Amino acid sequence: MAIVDVTDQNFSEEVKSGTVLVDFWAPWCGPCKMIAPVLEELDNEIGDKLKIAKLNVDNNPETAGRFGVMSIPTLMVFKDGEMVSKMVGFQPKEQLREWLDPYL
């Protein structure tokens, strides 16, 4: 599955079913740029069990505000529309995998 871009307009629709990892990011954020290839790798490995979505906080302040995103990157796991876990900051792939495994 390819990583999808989500917006304030389609956010609820994109996270309403299954397990979705949302990356709250911005183009000027250094750690966000570092985590992007890690998310690509995860998508290649477990994309059949998990949808990965990216939300640009600059362009979509409503959703970022609703979930209290204060610093980026913030990663959130949604299970059937409910936020079940949150992680802030860059993490290596192994740590992300350990964090995600219970939700897969």
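A disulfide is taken here as a pair of cysteine sulfur atoms within 2.5 Å, and by this rule the structure holds one disulfide. The model is a predicted one, in which local features need pLDDT of at least 70 and side-chain atom pairs count only at pLDDT 80 or more, while totals for chains, interfaces and linings use all residues. Residues are numbered from 1 along each chain as its sequence is written, and side-chain values use heavy atoms, with hydrogens and water left out.

The disulfide joins Cys29 and Cys32, whose sulfur atoms are 2.3 Å apart. The torsion about their S-S bond is about 80°, so the disulfide is right-handed. Where a residue is called buried, its relative accessible area is under 20%, whereas exposed means over 50% and partly exposed lies in between (1.4 Å probe, protein chains only). Cys29 is buried at 4%, and Cys32 is buried at 3%.

The aromatic rings come next. Rings of Phe, Tyr and Trp (its six-membered ring) pair if their centres lie within 6.5 Å, with planes under 30 degrees apart counted as stacked, over 60 as edge-to-face and the rest as tilted. By this rule there are five aromatic pairs, one of them the tilted pair of Phe11 and Phe24, with 6.3 Å from centre to centre and 45° between the planes. Helices (H or I, at least four residues) and strands (E, at least two) are DSSP runs, numbered from the N terminus. Because Phe11 lies in helix H1 (residues 11-15) and Phe24 in strand S2 (residues 19-25), their pair ties together parts that are 13 residues apart in sequence. Phe11 is buried, with a relative accessible area of 1%, and Phe24 is buried at 0%.

Phe67 and Phe78 form an edge-to-face pair, 5.2 Å centre to centre and with 85° between the planes. Phe67 lies in the loop between helix H3 (61-66) and strand S4 (74-79), and Phe78 in strand S4, so this pair ties together parts eleven residues apart in sequence. Phe67 is partly exposed, at 21%, whereas Phe78 is buried at 1%. Ring pairs link Phe11, Phe24, Phe67 and Phe78 into a cluster.

Helix H4 (residues 93-100) has Lys93, Leu96, Trp99 and Leu100 as its buried residues. Seen down the axis of H4, these buried residues fall within an arc of 125°, an arc taken from the directions from the helix axis to the C-beta atoms, and so they line one face of the helix. On the other side of H4, Glu94 and Glu98 are exposed.
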